Amino acid sequence: MADTPIRILIVDDHPLLREGVAAILEDWRDISVVGEAGDGAEAVEQFRILQPDVTLMDLQMPGMNGLEAIMAIRADFPQARILVLTTYAGDAQAVRALKAGATGYLLKSSLRTEMLDAIRNVHRGRRHVQGDVAAEIALHVADEALSERETAVLRLVAVGKANKEIARALSLSEETVKAHLKNIFAKLDVGDRTHAVTVAARRGIIEL
């Protein structure tokens with residue numbers, strides 16, 4: 001056991017989740033919850049005040065989301081150790097979080113089985129990515145990523161926009177929209193719009 005407990009900041013917009021995580025951690029003498037935050041902006045503020053050893057960060061939050069909070073914290077505190085806790089196993093979202101500066105990535109479904117090890121690994125400066133997520137990243141590592149424009153097209157497809165509406169919204173021709181959709185289908189290995197949206201949402205490329 002460490003002489004000084006690992007100081008934890010819990011960031012999630014659901015109070016019950018924060019309480020649940022704190023309840024799991026309170027029985028361990030080498031870990032101490034020192035603060036909580038309900039959104040990204042509050043997380044940045046609390047981090048500056050508390051400077052915890054490890055921050056547990058949700059990604060899907062109103063206002064400033066977890067990804068933006070990670071980047072803001074790391075800009076001022078490059079050594080900050082941040083462990084993402086999320087519901088989604090998508091490889092694209094995980095890669096974005098790790099590139100933004102997260103040290104670990106864990107699904108909320110594994111809080112009781114893996115969170116303690118993840119916290120301790122991240123505190124030691126080791127990267128901790130849950131096995132299922134790491135496998136998804138490895139599966140798609142060689143895939144060609146969607147461009148920003150293709151992602152924008154797909155977001156509009158996801159909310160039910162027709163090609164003509166997408167073209168108008170993005171100041172494109174319908175033929176260009178069709179060409180983007182063809183590229184999207186090829187990159188995601190799908191055959192239609194519905195499947196493209198489903199796969200992109202599962203991988204964290206877009207949010208529904």
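Contact means heavy atoms within 4.5 Å.

## Basis of the model

This is a predicted model, in which local features need pLDDT of at least 70 and side-chain atom pairs count only at pLDDT 80 or more, while totals for chains, interfaces and linings use all residues. Residues are numbered from 1 along each chain as its sequence is written, and side-chain values use heavy atoms, with hydrogens and water left out.

## Helix α8

Asn163, Ile166, Ala167 and Leu170 of α8 are buried (under 20% relative accessible area; exposed is over 50%, partly exposed in between; 1.4 Å probe, protein chains only). These buried residues fall within an arc of 100° seen down the axis of α8, so they line one face of the helix; the arc is that of the directions from the helix axis to the C-beta atoms.

The cover over the buried residues includes α7 (148-158), α9 (174-188) and α10 (193-203). Lys164, Arg168 and Ala169 are exposed on the other side of α8.

## Strand β5 and its partners

In strand β5 (residues 104-107), Gly104 and Leu106 point one way, Tyr105 and Leu107 the other, and all are buried. Strand β4 (residues 82-86) pairs with β5 in the parallel sense over four bridges; pairing requires at least two DSSP bridges between the strands. Leu85 stands opposite Leu106 in β5.

On the other pairing, two bridges join β5 to the parallel strand β6 (residues 128-129), where His128 stands opposite Gly104.
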